[in-house]
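Let's walk through this structure together, one piece at a time. Have the sequence and the 3D view at hand as you read.

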Amino acid sequence: MLRRKRHDWPDRRLEEALALLAARVRRCYWLETGRLVLTWGLAVAAGVLVLFRLTPLYSCLFLAGIGGAAAAVVVFVWRSLSIPDALKVVQIADELGLNGEAVTAYRLLEKKKQDSWSKFAVEKGVSACRNLPGERLVPLFPSWRPWRGIVFLTGILVVTILLPAPLAPYWEVRRAEKEALAAAARQAGEVVAQLQRMPPEQKEFLPEKLSEELDALPRTVGVARDRREAARNLERAGQEIEDVLAFLEPAERSFRQLAGAWKNSREPLLKELAAALEKGDAQEIARLTGKLKELANSSQAAKNRLALEMFQAGETVGDPARRENLRKLARSLISSGGNEEAGESGEKESASLARDLAGLAQQARAAGRLARASAAMFSLAGALGGGNNAAAIARTGSGTGAQPSANAGGTGGSGGAASGSSGAGSAAGSAPGSTPGSAGSSGAGGSAGAGGASADAGAGEGTGGRAGNSGGTRGGSGNGPGSGSGNEGSGGGAGTGAGGPGTGGQGAATSGGGYDRIYAPHLLGGSGQETRVSGQIRLGQAGTETSLPDSPVELGAIRPYREVLPLYKEEAINSLSSAPLPPDLESLVWQYFTSLE
Amino acid sequence: MPDYTGSVENQEVKEAPSAGAAGESDASREDVPGILEGVKNRIKEMEDAIAGVIVGQEEVVHQVLTALLAGGHVLLEGVPGLGKTALVRTVARVTGLTFRRIQFTPDLMPADITGTQIFDEKGADGPFRFSPGPVFANIVLADEINRATPKTQSALLEAMQERTVTSGGLTYPLPEPFFVLATQNPLEMEGTYPLPEAQLDRFLFKINVSYPSAKELLAIADRTTGAAEPQAPSLLAPGELRGWLKLVRRVVVVEDVIDYAVRLVLATQPDNPRAPERVRRFVRYGSSPRGLQALVLGARAEALREGRPQAGYADIRRVAPAALRHRLILSYEAAAEGIGADELVAEVLETVPVHQ
């Protein structure tokens, strides 16, 4: 019960005797109430402002106003609950020199005592109250001295409002940093969520420990002490993803190479296979590889073409085992149709290839996702380290590798496994990077232009470190989404450009100018003399000579390059099928023809 | 009961038809203002009469008369020669009451005060009869009370509290009114024994008698070394003081004033959280409820002697030092630091607000 028991006047006489005093007491009480309301209101408002100057809410006038008003209301309510009642007035009268006569009269009247002593005491008390000397009464207006506090507090309030908060820049920085960390944590959370949404067959490539660390990453970024620590966390996570990527990179590269090679193939089956690979559709891959054996009944030329494609694809693949698989399949295609044993072997190899390709596709897709995640981490780290604000970080996150279009564009660059030195010139991704990427290995454009030995293509251009090294005759688009956050901590910008038609092919075009016309010995015509060459045919085979019945012996003619090349190539394939070479030499032949194309 | 009254002069006192008697007879029709005015004037006469003998010491006289009105015993403390005995003798004379003086010495025995059984083979009630001691008087001056042993000092306990004396298995009432006005030398003096706390508590007031001023000394020299020593007249009629004692208890004291006295008493107790810090530090034992009784009775007496029907806060404050100082048992730390009870009582009065 906040409200105290109020004492009313027990008798009219006493009330009248103390009426003047009561009025003055109440007036002084309300004046004092006003002073207290103002004092507390101003004090709380000033206190809030002063206190908030030490906090991020350094200029919160609204809160100060609310606090001051609340304090004023509380004081007013509290004072309203304890307005001086009759007993209080009586006590004040006694304090003014009545020596308890007033309170004695009050109590006796209250108890309605009727004995002569009480009556006399009441009479004396009322009389004393009535004759209370004027100079002892409560003054009409109290002293102004207590009001000085209000002036002082008003001064403080004005000063705190008008003077800038010295800690404001600090808190602004802190707030921006917190927002940046929150934005980074949010973006990191989105990246991690995308990783977590990977299908199980892709997710299995993500180590459990790394998965747990990634789960905790948004929180650790959010609660980091400062940007630097958050950036370190992000970089560490990105680096760990990079480590996983390093493991997946050969497969991913093989995938890109195969898909790129077969997508441009003349064989519809291989085109379909490329599409299935890119989709990562294991069933479709199995179906299509199974169809390879159906080609056993087709013409030898068709089988040869397919085998050539296989060989060529094998040559693009860096993984020796996979390359050997493709070679075997190519050989089995060439030799199929003859006997049952070869057919069974081909079937086994196609099944093995189907499994391999399906796994390859999943690894590639996982690698792609991981690459995007890693790029995003590095981008975020770079953005944080570069002092970007929350909005910029949010934009960074939205532009980092998460865009399917960027990935698609990047894929285009994979075709450019150019070996021609002149073809690498203009293959750098055309997407503008936000910062100059270093030559580091972690460009966001990792998904694009996977073939790149020329990681330095991104240097200084703001394009991805791995982007766009394509070139060569196929005109692979080398303009994958460049991002270019280097490992070295230089710029954190991430490219947002989607891959478009590559420009890298131009390099190849210019470099190939010397092959317009070519000497074609096969078209010389006429038979030559039989030539015998001494030596062993092949290691382990008997004989010291071989015959070359169609060896040209006359001068040939100059023919267009594109007319001659298929003939040369077909001849080479036939030769290889009839006279197999050791694998490394056979590889040289294929590499030669591949490079010509 | 043995007839001892004859051995005590003026034992049979008659209550005068004073205002007090009238007040008791018909409460609703009594003339209270007249009674109060009469008492006030009579006490003023008494003060004037005493002042004719005792030079200065107005405050001491005032407090002694207040204590008499309140019906309490008084302990006067002061070095020898300050007129304590003369004051008590004068007061006794002015009040017209029987007076006995007992000089306390180390070899004084309790029976020397209260009386003893003596052999009387012709006695009607047996071979032994009670011979009353000097305590059987209206006003007993226990001079230098702290020179007797605590055992002898304690002989006064029953007399002061119960106003009776027990001897030989029989209890004898003391005459009404009965006042013990004791004097004591400061405890620092040689050959003194401190009064037991229980007995100290039975004194309504302890009044400190201070040295007279130069002007007062001049008057003392003039008044006491002349040919005629002044004598105070006996002013009060028999029973008049007894009537006043009853009037004192009719003075109105409302609960607000009593509450103030209660808070003062509580503030002297060191274990009370509202006690001043110095009280908690220097006081071992605070005032007992008798202290509260002394405050309220003293305040009533103050009001009566000023002709007021009610006692107020100022009356409480006025009697507080005399009523409380001997009830504070100070610690050794206080003694070491020279802190006195008066200082602490003053602090209590300073810190306890009149209104709560």
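Predicted model: local features only at pLDDT ≥ 70, side-chain atom pairs only at ≥ 80, totals over all residues.

Helix 8 (residues 168-196) of chain A and helix 11 (residues 227-263) of chain A have axes that come within 10 Å and cross at roughly 15°. Angles under 35 degrees count as roughly parallel, so helix 8 of chain A is roughly parallel to helix 11 of chain A. The handedness of this crossing is left-handed.

Now step back to chain A as a whole. Chain A has 21 helices and two strands. Of the 597 residues in chain A, 45% are buried. Take the contacts in chain A between residues at least 6 apart in sequence: 74% of them join residues at least 24 apart.

Next, turn to the place where the chains meet. Here 17 residues of chain A are in contact with 18 residues of chain B. On the chain A side, the elements giving two or more residues are helix 4 (86-98), helix 5 (101-110) and helix 6 (116-130) of chain A. Helix 6 of chain A provides the largest share of that side, with six residues. The side of chain A that touches chain B divides into five nonpolar, six polar and six charged residues.

Moving on to chain B, let's start with a hairpin. Strand 6 (residues 164-167) of chain B and strand 7 (residues 170-173) of chain B run antiparallel and are joined by four bridges. In one of these pairings, B:S167 has B:L170 of strand 7 of chain B as its bridge partner. The hairpin has two residues between its strands, and B:G168 takes a positive phi near 60° there.

Most residues other than glycine have a negative phi, and most peptide bonds are trans. B:R163, in the loop between helix 7 (156-162) and strand 6 of chain B, has a positive phi near 60° although the residue is not glycine. B:R163 counts as partly exposed because it has 14 C-beta neighbours inside 10 Å. B:E144 is another residue other than glycine with a positive phi, near 50°, and it belongs to the loop between strand 5 (139-143) and helix 6 (150-153) of chain B. B:E144 counts as buried because it has 20 C-beta neighbours inside 10 Å. As for peptide bonds, the one joining B:E176 and B:P177 is cis, with omega about -10°. You can find B:P177 in the loop between strand 7 and strand 8 (179-184) of chain B.

Let's finish with a helix pair in chain B. Helix 11 (residues 255-267) of chain B packs against helix 14 (residues 313-324) of chain B at an angle of about 30°, and their axes are 9 Å apart. These two helices of chain B are therefore roughly parallel to each other, and their crossing is right-handed. Helix 11 of chain B contributes B:V257, B:Y260, B:A261 and B:L264 to the contact, while helix 14 of chain B contributes B:Y313, B:I316 and B:A320. The contact has seven nonpolar residues, with no polar and no charged ones.

Technical notes. Residues numbered from 1 in each chain as written. Chains lettered and ligands numbered in written order. Axes fitted to C-alpha atoms, helices over the stretch in contact; angles between N-to-C directions. Parallel < 35°, antiparallel > 145°, perpendicular 65-115°, else oblique. Left-handed = near helix turned anticlockwise from the far one by under 90°. Contact = placed C-beta atoms within 7 Å. Nonpolar A, V, L, I, M, F, W, Y, C, P; charged D, E, K, R; others polar. Buried ≥ 20, exposed ≤ 12 C-beta atoms within 10 Å, placed from the backbone. Pairing = 2+ DSSP bridges.
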